[in-house]
Amino acid sequence: MPLPPVLRGARAAFAFYTRIPVGGFPYAPADWQWASGWFPLVGASLGGLLALIWLAVERAGPLVAAALVVGVGMLLTGALHEDGLADTADALGGAYDRTRLFEILKDSRIGSFGAAALCVVLVLRIALLARLDEAAPLALVLSQCLARTPPIWLMVSLPYVSSNATSRSQSMVRVSRAQAMLATACPVLLMGALLWRGGLEPATAWALLAAAGLTALVCGWRFWVRAGGITGDFLGATQQVGECALLLVLALARGEVA
C-alpha cells in the first residue's frame, strides 16, 4: 500500500534538499508539494550529522571544527543554499530594473556581489560556531532546523515569480498553510523539548523565534519590492541569512545554552 503524499514528502525533501541517496523516484506533484513541509526536519537531521562531526574533531580546536562542519554541510546539500545566496546578491546588487534582475539570476557565473556575500556568510558562520565552542553541537541542530522555516512562510505569503521554473519546483513552492504549519511544528517541538530539559533558556528561545520572524519579514519585503515575489534563489538566500542570524543570537546568549 503506497504511503500518503504527506509522508512521501518527507523522503522527497531529503532527495531534493540534500545529496543523500534516499531514492524513491519518481515522486508525484503532491509529494513534492509536501516536501517543503519537511524542510526543517531535513535541517535538523543535517544539524545532527554535523554535530556528530563536530564532536569527532573538536580536539583539533573550535576553529578547525567549525570550518570542517561548514564544509561538510555544503557537501551534504550540494551548496544549494549558498548558490542561491550568491545569485541573489548578484541580482539585487547588480540590477537596476526587474528585467535585468532576472537575467542575472539565470546567469550561472558568480559576480562581485555574490562572491562578497559568500565570503561574508561563510566567515561569519565559521566564526560564530567557533565562538560557541562546546555549545556548537546544539547550535548546529537548532540553527539548521529553524533557519529552514522562514523560506516556507515566504512561499505561503509571496508569489513565485521565477521565469524558468520546472514542473517539480512549481509543485514544491505551491505551499499551503498546511505545509507551513508542518514546517513550523518541527522547530517548535525541538525548542519545546530543549526548554523542558533545561537545554535552552526561555529568553533565548524567544530571541531565536524573533530572529527567524525578522529574517522572513526583511527578506520578504526586499524580494517583493525588487522582484514582486520569490524565486528558488531567494529562498536559499533567506535560509543563509536566517542561519547567520540564529547563530548570532546563540553566540550572544552563549552562557544560556547548555
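This briefing walks through helix packing, the nonpolar cores and a few loop residues. The model is predicted, so to speak of local features a pLDDT of at least 70 is needed, side-chain atom pairs count only at pLDDT 80 or more, and totals for chains, interfaces and linings use all residues. Residues are numbered from 1 along each chain as its sequence is written, and side-chain values use heavy atoms, with hydrogens and water left out.

**Helix pairs**

- Two packed helices are described by the angle between their axes and the distance between the axes.
- Helices here are DSSP runs (H or I, at least four residues; strands are E, at least two), numbered from the N terminus.
- Take α12 (residues 202-227) and α13 (residues 232-252): their axes come within 9 Å and cross at roughly 150°. Axes are lines fitted to C-alpha atoms, for helices over the stretch in contact, and angles run from 0 to 180 degrees between N-to-C directions.
- That makes α12 and α13 roughly antiparallel (over 145 degrees; under 35 is roughly parallel, 65 to 115 roughly perpendicular and the rest oblique).
- By class, the contact of α12 with α13 has 13 nonpolar, four polar and no charged residues. Nonpolar covers Ala, Val, Leu, Ile, Met, Phe, Trp, Tyr, Cys and Pro, charged covers Asp, Glu, Lys and Arg, and the others, Gly among them, are polar.
- Now for α8 (residues 136-146) and α11 (residues 177-197): they pack at about 150° with axes 9 Å apart, and they are roughly antiparallel too.
- This time the crossing of α8 and α11 is left-handed.
- On the α8 side the contact uses Leu138, Val141, Leu142, Cys145 and Leu146, while α11 brings Cys186, Pro187, Leu190, Met191 and Leu194. The tally is ten nonpolar, no polar and no charged residues.

**Nonpolar cores**

- A nonpolar core is a set of buried Ala, Val, Leu, Ile, Met, Phe, Trp, Tyr and Cys residues joined through side-chain atoms within 4.5 Å. Buried means under 20% relative accessible area, exposed over 50%, and partly exposed in between (1.4 Å probe, protein chains only).
- The largest core has 69 residues, and Trp54, Leu129 and Leu208 are among those with the most contacts inside it. Its largest share, eight residues, comes from α12.
- A second, separate core of eight residues includes Leu85, Leu118, Val121 and Cys244.
- Beyond its neighbours within four places in sequence, Trp54 is in contact with residues including Pro62, Val69, Leu129 and Asp133.

**Loop residues**

- Asp133 sits in the loop between α7 (112-132) and α8. Its phi is positive, about 55°, although Asp133 is not a glycine, and at 28% relative accessibility Asp133 is partly exposed.
- Ala79 lies in the loop between α4 (62-77) and α5 (80-94). Ala79 also has a positive phi, near 50°, and is partly exposed at 23%.
- Arg19, in the loop between α1 (5-17) and α2 (29-35), has its C-alpha atom 9.7 Å from that of Ala79, though the two are 60 residues apart along the chain.
- Pro26 is in the loop between α1 and α2, and a cis peptide bond joins Phe25 to Pro26, with omega about 0°.
- Thr149, in the loop between α8 and α9 (150-157), is buried at 7% relative accessible area.

How values were computed. Contact means heavy atoms within 4.5 Å. A crossing is left-handed if the near helix is turned anticlockwise from the far one by less than a right angle, and right-handed if clockwise.
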